[in-house]
Amino acid sequence: MATSGRKYSKKDGTVVTKTYALYQYGYNTQHLGECDGPSGYGVSKLDDLIEQIVRIQFEQIKTAPPQELIKERQSREVDIAKAKLNLLTSQYQQKQKDYQFESRVESTKFPRKVMLFYNKSAANSTDSCWF
């Protein structure tokens with residue numbers, strides 16, 4: 001968004017500054033020669049264009065049968081639910097793999113701890129049983 005303007009004098013001698021808002025097309029100003037067409041558009045011209053597009057879209061919505069709109073919405077919701085299901089399934093599978101790995105690591109640590117405890121107890125005890 002940018003502004004442009006000019007000054008002009010009235011017959012009575014007062015100077016009036018008039019400003020115009022415009023949309024600046026940045027690509028054309030930064031890459032000269034790569035894009036033909038103006039680098040700025042007046043707000044009223046662009047707003048009218050957007051307003052026409054919005055009216056066309058609303059007209060299409062009004063003329064579309066409600067059953068089609070409902071089916072489209074349901075299909076979008078189903079697609080979103082499937083995507084969520086796939087994500088959660090992959091996260092669940094990853095958690096299961098992590099849990100299995102951790103349980104294998106813990107199962108290999110436990111007998112070592114018991115053996116270390118047994119060896120320390122046997123060395124300090126005169127009894128043959130450490131229970």
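Biologist: What pattern does the chain follow along the sequence?

Modeller: The pattern is β-β-α-β-α-α, with three helices and three strands. Helices (H or I, at least four residues) and strands (E, at least two) are DSSP runs, numbered from the N terminus.

Biologist: What does the model score in pLDDT?

Modeller: The average for the chain is 77, and 66% of the residues score at least 70. That score is the predictor's confidence in each residue, from 0 to 100. Where pLDDT is low, the predicted coordinates should not be read in detail.

Biologist: How much of the chain is buried?

Modeller: Buried residues are 3% of the 131 in the chain. The word means under 20% relative accessible area, with exposed over 50% and partly exposed in between (1.4 Å probe, protein chains only). The chain exposes about 12,200 Å², and carbon and sulfur atoms supply 57% of that area.

Biologist: Why is Thr-3 called exposed?

Modeller: Thr-3 has a relative accessible area of 66%, which is over 50%, so the label is exposed. Thr-3 belongs to strand E1 (residues 2-9).

Biologist: Which residues is Thr-3 in contact with, leaving aside its neighbours within four places in sequence?

Modeller: They are Tyr-20 and Ala-21, where contact means heavy atoms within 4.5 Å. Thr-3 and Tyr-20 are 17 residues apart in sequence, and their C-alpha atoms are 5.4 Å apart in space.

Biologist: Which residues form the nonpolar patch on the surface?

Modeller: Ile-50, Val-54, Phe-58, Ile-61 and Leu-69 form it, with about 450 Å² of accessible area together. Patches are made of residues with over 30% relative accessible area and no salt bridge; like charges are joined within 9 Å, and nonpolar side chains (Val, Leu, Ile, Met, Phe, Trp, Tyr) within 5 Å. Areas come from the Shrake-Rupley method with a 1.4 Å probe, and for residues only the protein chains shown count as cover. Helix H2 (residues 43-63) gives the largest share of the patch, four residues.

Biologist: Why is Val-54 called partly exposed?

Modeller: Val-54 has 39% relative accessibility, which falls between 20% and 50%, so it counts as partly exposed.

Biologist: What makes the pair Arg-55 and Glu-51 a salt bridge?

Modeller: The term asks for a side-chain nitrogen of Lys or Arg within 4 Å of a carboxyl oxygen of Asp or Glu. For Arg-55 and Glu-51 the N to O distance is 2.7 Å, so the pair qualifies. Both lie in helix H2, four residues apart, about one turn of the helix. Side chains of opposite charge can pair when their charged atoms come close.

Biologist: How many salt bridges does a search of the whole structure find?

Modeller: It finds two. Glu-77 also forms one with Arg-73, where the closest N and O atoms are 3.7 Å apart. These two are separated by about one helical turn, because they are four residues apart in helix H3 (residues 66-124). Arg-73 is exposed at 55% relative accessible area, and Glu-77 is partly exposed at 47%.

Notes. Residues are numbered from 1 along each chain as its sequence is written. This is a predicted model: local features need pLDDT of at least 70, side-chain atom pairs count only at pLDDT 80 or more; totals for chains, interfaces and linings use all residues. Side-chain values use heavy atoms; hydrogens and water are left out.
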